[in-house]
Each structure stands twice: as C-alpha cells, then as structure tokens.
Amino acid sequence: MTIIKVSLKNIKKSIKDYAIYFFTLILGVAIFYVFNSIESQTVLLDVTESTYEIIDLMTNMLSATSVFVAFILGFLIIYASRFLIKRRNKEFGIYMLLGMSKRNISMILFFETILIGIISLVVGLGVGIILSQLMSMLVANMFEADMTKYEFIFSGDACIKTIVYFGIMYAIVMLFNTINVGKCKLIDLIQTNKKSETIKMKNPVICTIVFIISAIALGYAYYMVTGGINETIKTSKDIIKPIIIGAVSTFFIFWSLSGLILKIVMSMKNLYTRGLNTFTLRQVSSKINTTVFSMTIISLMLFVTICVLASSLSLKNSMTANLDELAPADIQLSKRVLNEDWLDQGYNEEQIRNSKLSIREILEKFNFNIDSYLEESVEYNLYQTEDLTFGDTLGDSLETIKNTYTSLIPYNIADDIMTISDYNKIAKFYGNEEYTLNEDEYLIVADYDSMIDIRNVALKNNQEITVFGHTLKPKYKECQYGFVEMASNHINSGIIIIPDNVADKYYIAYNSVIGNYYTNSLEEQREIQEQIKNLSNNPLTSQYNLPSINSRVDISEASIGIGALVTFLGLYLGIVFLIASVAILALKELTESTDNKERYKMLRKLGADEKMINKSLFRQIAIFFMFPLLIAIIHSIFGITFCSYIISTFGNEQLLPSIIMTAIFIVVIYGGYFLITYLCSKNIIKEN
C-alpha cells in the first residue's frame, strides 16, 4: 500500500514539470483512436457502392499504417521513459539509502506506469471520441456524403485496438524500467547531479573536412532527385541511393557542426564573452554533441513530415481542382475497332466486321438508343499505325532524348492520331482552343508536362513525320495544350493531329462518343450507366464489342476517394512523425533543465539576474529546436521538388497553398511545443 501511495505522490509531483510527456501520451492515444475509428464513422454515410469500396480500401490502409504508427509511438514512449528515469536517479539513490530494495523501486515504477497508462488511455480516448465526431464531418465533406443519418458514434473496435496497442507499449516500458533499475549502482545514483559533463573538443580541421565532404555528398543527393532525376533515377529502386546518401550526410553534418560551432564562436571574443553567451553556447554545444544520432533521426522525421503533408494536401487539392477542367462532359463511351491483324489473337471475321460499326449502331443492336438520354453529343475516331510510333515522331532527336531522359519510356508504342476536324469538335465541346492546319502540317496536343518536354525537343528541331504515306511538318515548335479522354489528372502524353485528307479509315483504332445528359440528377445518371453496363449480360456480346464507360460521376468519386485516402494517410503519418520529433526534443530539454538546476544556482551566486538566465534558457531551447528543423526544411525544398515531379500528372497548381498550410501546421505544433518546453523549463530552474 505504501508503494502505491509513493507512486501516486510521484505522479502528482511530476505532472507539473513533465506535462509535455502526459500531453503527448494523451494526444497519441487520441490520434490513434480517431484514425482507427473512421470505418465506424462511415457506416451511416449515404454514399454509392463504389465510394464504399474506396472507403473500405482507405480504412484497411489506415489499419495497416497503424501498425507502423504504433512502433513510432512505442519508440517515443520508451525514449521518454529513459529521460524521465534519468532525471530521477538521485531520488532512487535516496530510496536505496533509506533501505528500499531495487525490487520495491521497480514496483514503484510499475505502478506509476500502470497509473500513467490508465490516465492517458482514459483521457486520450475521451479526447479521441470527441475528435472522431469532427472527423466524421470531415469524412462526409470529403466524400460529399449525405449527413442526414448522422448520429454520435463510438467505435468499439477502435477502442479495443487502442487499448491493446498501448497496453503492449506500456508493458514494454515496464520491462525496460525494471531492467534499468536492476543495473543501477548507489554511488552513480547519488552523484548523478554532481557529475560534470565534459565537452570533448573535436579537431576543427577534421570537422571542416567532414563537413565539406558531407555537404558535397548532400548536394549530389539533391541533384539526383531534382536536376538529374532523368539520368540517375530510372526505377523505383534507384531512389534508395539518394535517400541513403542524404541520411548519412545529415548525420555527419550534425557531427561536424557540433564540433565547429563552439570553436567558431569561441574565436569571436566579443560575442562569446558577452552576457551569458559563454554558458549558453557551451550548453548548446554539449547537447548537440551528445545527441548527434537523435538530432539526425529527428531532422529526417521532420523532413518526411513536411514532404508527406505538403504532397498529400497538394495531390488532394489538385485532383479536386482538375475535375472541372479535365472532366467537362457527363459521359464518354469508347470501343476498340479491330482489323484483320486481330485474327491471330483469337477474334473471328464476324467480330472484326462488327467492331467497325459505330457505338450508336452497336447499341441499336441491343435496342438501346443512347441519344434519347443525351442533350448534346459529339463522335470522333482515333487512329493508330505501327508505322508511326512515339519513337518515330522524335526522329533524329531520338538518341539525344534517350540519353537525356533515361527513364523507361515506351518508344515503340504506336501514337494516337486524330483528324483536325474531329479534334476541333471535341475542343469546342470541352471549351478548349481550336486549331487549323495546312495540308502538309501536323501538330501535337498534350497536357502531361514530362512528355511535353520530350516531344518539344523534336518539334523545336522541325521534325517531319510520315503518316499514311504523307510527309508532314510541324506547325508549331512545341506541343499545344489539349486532351480528348476525360480523366482526373493530366494523362495525355500526346495526340498527333493531322489534316482530314491524310487519314486512312482502315487504321481507325477507337470510336468514341462524348455527351451531356438531359438530366442533372446524379441518381438518374447512374441508372443510365447501369443500363449500359447491364447490356453485357445480353447473348449478343459474343458478336459485338460493347463500349466502355467513362463518366464525370465515376471520375469525381474516384478523385474524391483517392484524394481522401492520400490526405488521411498523409495527415496520420505527418501528425505522428511531427509529434514524435518535437516531443523527443521537448523531453530532452526538460531533462537537461532538471540536470542543470545546480548550474543555474551557481549563475545566480555569480550575480546573474533572472532576466539574463531566462534569456539564456530561451536561446538554448530555440537553437536546439531550430537546428534539426532548419536542416529538415533544406531537405524538404528538394524533397518536395521530387514529389511534385512524381505527381505532376495530377497538376502542381495547388502546391504553394499546400506548402503554406503545411508551414502553418508546423509552426502551430512545433511552436506550441517549443513555448510549453520553455515555460516548463523555466519553472524547473527557477529559485524556490
């Protein structure tokens, strides 16, 4: 009973000085519950079946991600416990002097961990349940769902999962604490605050050499993921190389700077000897010197946080913004047109002959009149010939382009070809720019930036092409903006637009119809699409190739679903990484403040007033917090550039707002922890 009383007394005493630890535990529990309760929150949402499938995929991915998140939070809890035990060494020494056994000390820590776990779980779950209701509204808003059936929801599965995961974490912490106490020696515990940490001055020449080499290596890694991406990154495996170089270089940057900063400032006598700068800078140097590995991990975690948040928010915003531009019609029907070459692939002559019928003619065979549902529509054909591949359009520039853009590009794939009259019909229907061509000219329309850059190399060289026996020259020195197929992102890598008289109908590869419904009702539009899909149950499908359906409704639902999936995963990982990083920094600072109470007492005896001491403390914490963040921001400039290249098909127009939102998020969380750390540290070192 005495042990439990001591445990309760210790917790009560620790809450004031170590509020950040308890706050982080509660926040971790709340976040874990919120993201694992999304499945329960979406049950009552009025959404379509396809949207439910996307939500189901999202919840499964969030559940899998939670395992990784649990490892991060578990590491944070163990790391925090290590610091908390370290600052209580003198307390444990006094217990042992009074005759308490190590077993009883372990029991005190055991009950403290259980009580802290119960408190953090109860409070965290309470906060999580409240926040999950707000998450329900966010989910409904992102999926544009009907909230009429909304009611207060408690997720039993998420609650059980949270209790189990955090229970395992606390059990590991208890084991860790027991092992640590068993290794303690009385003399070390009693003299822990009397030990003066020696600052080992590193050789400045070696530090300078290491810094220069690390900076060069880091610069090369930056080049690989930005300027040299087409030369150095050909497959997904190639990205591992710059990641390893960047991580190792970051470690040695911290290692070298920890030895250079103090040496450089010491040479600046006026700055070094001013006020308490001598004490402040030696304290900072000592912290960085002894936490090089930790600072590296924290900086890399902050880097991942910034990139994940900025990229996920950008992707979601871009996909939403793209919808009106890239899906301007209600429905698009497309079908493959076969020729005699398909006889070798299992098709018979009747199927090939029937495939040459238009979409309207095929649907009439099924007694389905598509025009009765469309207010307006246009029809067009796409041509393909093996005599005009992507590589053929590059001509003399092909070898230069292959050497410059070494990523895997299908140069032997037949390019899409379209007549100028057909394209202008689509362009007018979509509200895009229309073009004109002379009989010996061609142009290329595209909207995929990376492929536009490649094609422009050939167009600037005035590359002629031969198509259907006609030699054509480019009308423009660069690709023109345009697309034909509706999508949620920019996927048109290039369509060759030719004069009408050049086209050979034998090479028609696709026939398509684009239209707008008479009705604006989403339910009625889905019913029409279901009717077309149900035609596949008709026995005539063995003779006729039914068209595929690409609708604005489907694109919208897919875009919203993917955007929500990426956003929630980004927020989940970003928040956890950020909290873990800044909590470790905060706990390290609080422990340092506890260990340095005697040093601050000595400063007061030497005549330093509270204003000078608080100013020194503020500068120490500010430098310690800003150092890893500054490195992370530099990494992020190039990391976000690489991410924007990868997601360029979705558009980068929304990147700046996403970066601003990420910056605000970082400032609020990071700045909040910094401020709380300073106030708690000031409370720890103040004179009683």
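A search of the whole structure, which is a predicted model, finds six salt bridges. The general idea behind them is a friendly one to start with: side chains of opposite charge can pair when their charged atoms come close. One of these pairs is formed by Asp415 and Arg455, whose closest N and O atoms are 2.9 Å apart. Asp415 lies in the loop between α18 (398–404) and β3 (416–419), while Arg455 belongs to helix α20 (residues 449–460), so the pair ties together parts that are 40 residues apart in sequence. Both partners, Asp415 and Arg455, are buried.

A second salt bridge links Asp422 to Lys425, with 3.3 Å between the closest N and O atoms. Here both residues sit in helix α19 (residues 420–430), three residues apart, which is about one turn of the helix. The two partners can be told apart by their accessibility. Asp422 has a relative accessible area of 10% and is therefore buried, since the cut-off for that class is under 20%. Lys425, with a relative accessible area of 36%, is partly exposed.

Glu610 and Arg604 also meet through their side chains in a salt bridge, at 2.5 Å from N to O. Glu610 is partly exposed, its relative accessible area being 33%, whereas Arg604 is buried, at 13%.

Attention now turns to the surface. Glu340, Asp341, Glu349, Glu386, Asp387 and Asp392 together form a negative surface patch. Among them, Asp341 is found in the loop between β1 (331–336) and α15 (349–355). Its relative accessibility is 52%, and because exposed means over 50%, Asp341 counts as exposed.

A nonpolar patch is present on the surface as well. Its members are Phe110, Ile114, Ile118, Ile119, Val122, Val123, Val127, Leu131, Leu134 and Met137, and together they have about 800 Å² of accessible area. One of them, Leu134, is placed in helix α6 (residues 102–142). Leu134 is exposed, with a relative accessible area of 52%.

Most residues other than glycine have a negative phi. Asn367, although not a glycine, has a positive phi of about 60 degrees. Asn367 is located in the loop between α16 (359–365) and β2 (374–383), and its relative accessibility of 74% makes it exposed. Asn462 is likewise not a glycine and has a positive phi of about 60 degrees. The place of Asn462 is the loop between α20 and β5 (465–467); at 35% relative accessibility, Asn462 counts as partly exposed.

Finally, a view of the chain as a whole sets these details in context. The protein chain contains 25 helices and 10 strands. Of its 688 residues, 51% count as buried. The chain exposes about 32700 Å², and carbon and sulfur atoms supply 60% of that area. Among contacts between residues at least 6 apart in sequence, 84% join residues at least 24 apart.

Definitions and conventions. Residues are numbered from 1 along each chain as its sequence is written. This is a predicted model: local features need pLDDT of at least 70, side-chain atom pairs count only at pLDDT 80 or more; totals for chains, interfaces and linings use all residues. Side-chain values use heavy atoms; hydrogens and water are left out. Patches are made of residues with over 30% relative accessible area and no salt bridge: like charges are joined within 9 Å, nonpolar side chains (Val, Leu, Ile, Met, Phe, Trp, Tyr) within 5 Å. Accessible areas come from the Shrake-Rupley method with a 1.4 Å probe; for residues, only the protein chains shown count as cover. A salt bridge is a side-chain nitrogen of Lys or Arg within 4 Å of a carboxyl oxygen of Asp or Glu. Lys and Arg count as positive and Asp and Glu as negative; His and the chain ends are not counted. The place of a charge is taken as NZ of Lys, CZ of Arg, CG of Asp or CD of Glu. Helices (H or I, at least four residues) and strands (E, at least two) are DSSP runs, numbered from the N terminus. Buried means under 20% relative accessible area, exposed over 50%, partly exposed in between (1.4 Å probe, protein chains only). Contact means heavy atoms within 4.5 Å.
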